[in-house]
Amino acid sequence: MGFIKNFFAKQHKWVLNGHDKTDQWKSVKVGDTVEFAMTMTEGVTYSVESINQEAAEAKIRRRTSDGSNGEAYTVGLVMLRPIAITK
């Protein structure tokens, strides 16, 4: 119990991860195919349906292997990595 109490009592420095260090998300546009920066999502892609620049969010929809529409999510733009850009 003392370890947990001491852990939360300390000041911890925020360390930037890979998605915080890059600005690749700034090139994301509606219609792009993207990956979402979450654990265990290799090979899962999403299409961008809309972007809210003021809130820095995007609505993305999972692409299924059979071509049907999957679930839709609203996520932070910083968490997106473009893999196919529309012109």
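Which residues form one aromatic cluster? Phe36, Tyr46 and Tyr73 do. I'll come back to them after the ground rules.

This is a predicted model, where local features need pLDDT of at least 70, side-chain atom pairs count only at pLDDT 80 or more, and totals for chains, interfaces and linings use all residues. Residues are numbered from 1 along each chain as its sequence is written, and side-chain values use heavy atoms, with hydrogens and water left out.

Strands first. Strands here are DSSP runs of E, at least two residues, and helices are runs of H or I, at least four residues, all numbered from the N terminus. Two strands pair if DSSP finds at least two bridges between them. Strand 2 and strand 3 run antiparallel, joined by six bridges. Within that pairing, Val48 has Ile60 in strand 3 as its bridge partner. Strand 3 also runs antiparallel to strand 4, residues 69–76, again with six bridges. There, Ala58 has Val75 in strand 4 as its bridge partner. Arg61 stands opposite Ala72, also in strand 4.

Now the turns. The hairpin of strand 2 and strand 3 has four residues between the strands. Ala56 sits in that loop. Its phi is positive, about 55°, although Ala56 is not a glycine. Most residues other than glycine have a negative phi. Ala56 is partly exposed, at 33% relative accessible area. For the record, buried means under 20% relative accessible area, exposed means over 50%, and partly exposed is in between, with a 1.4 Å probe and protein chains only. The hairpin of strand 3 and strand 4 has five residues between the strands, and there Gly67 takes a positive phi near 90°.

Back to the rings. A pair of aromatic rings is described by the distance of the centres and the angle of the planes. Rings of Phe, Tyr and Trp (its six-membered ring) pair if their centres lie within 6.5 Å; planes under 30 degrees apart are stacked, over 60 edge-to-face, and the rest tilted. How many aromatic pairs does that rule give? Two. One is Phe36 with Tyr46, edge-to-face, 6.4 Å centre to centre and 80° between the planes. Phe36 lies in strand 1 and Tyr46 in strand 2, so this pair ties together parts ten residues apart in sequence. Phe36 is buried at 16% relative accessibility. Tyr46 is buried too, at 7%. Tyr46 also pairs with Tyr73: the centres are 6.3 Å apart and the planes at 75°, so this pair is edge-to-face. Tyr73 lies in strand 4, so the pair with Tyr46 in strand 2 ties together parts 27 residues apart in sequence. Tyr73 is partly exposed, at 37%.

On to the core. A nonpolar core is a set of buried Ala, Val, Leu, Ile, Met, Phe, Trp, Tyr and Cys residues joined through side-chain atoms within 4.5 Å. The largest one has eleven residues, among them Trp25, Val34, Phe36, Tyr46, Val48, Ile60 and Leu80. Strand 1, strand 2 and strand 3 are the elements that give two or more residues to this core. What does Ile60 touch, not counting residues up to four places away in sequence? Its contacts include Val34, Phe36, Tyr46, Val48, Tyr73, Val75 and Leu80. Contact here means heavy atoms within 4.5 Å.

Last, the charges. A salt bridge is a side-chain nitrogen of Lys or Arg within 4 Å of a carboxyl oxygen of Asp or Glu. By that rule there are four. Take Glu35 and Arg81: the closest N and O atoms are 1.8 Å apart. Glu35 is buried, at 18% relative accessibility. Arg81 is partly exposed, at 36%.

Then Glu49, with two partners. Glu49 and Lys59 meet in a salt bridge at 3.7 Å, N to O. Glu49 lies in strand 2, residues 46–52, and Lys59 in strand 3, residues 57–63, so the pair ties together parts ten residues apart in sequence. Both are partly exposed: Glu49 at 34%, Lys59 at 33%. Arg61 also bridges to Glu49, at 2.7 Å, N to O. That pair links strand 3 to strand 2, twelve residues apart. Shared partners join Glu49, Lys59 and Arg61 into one network.
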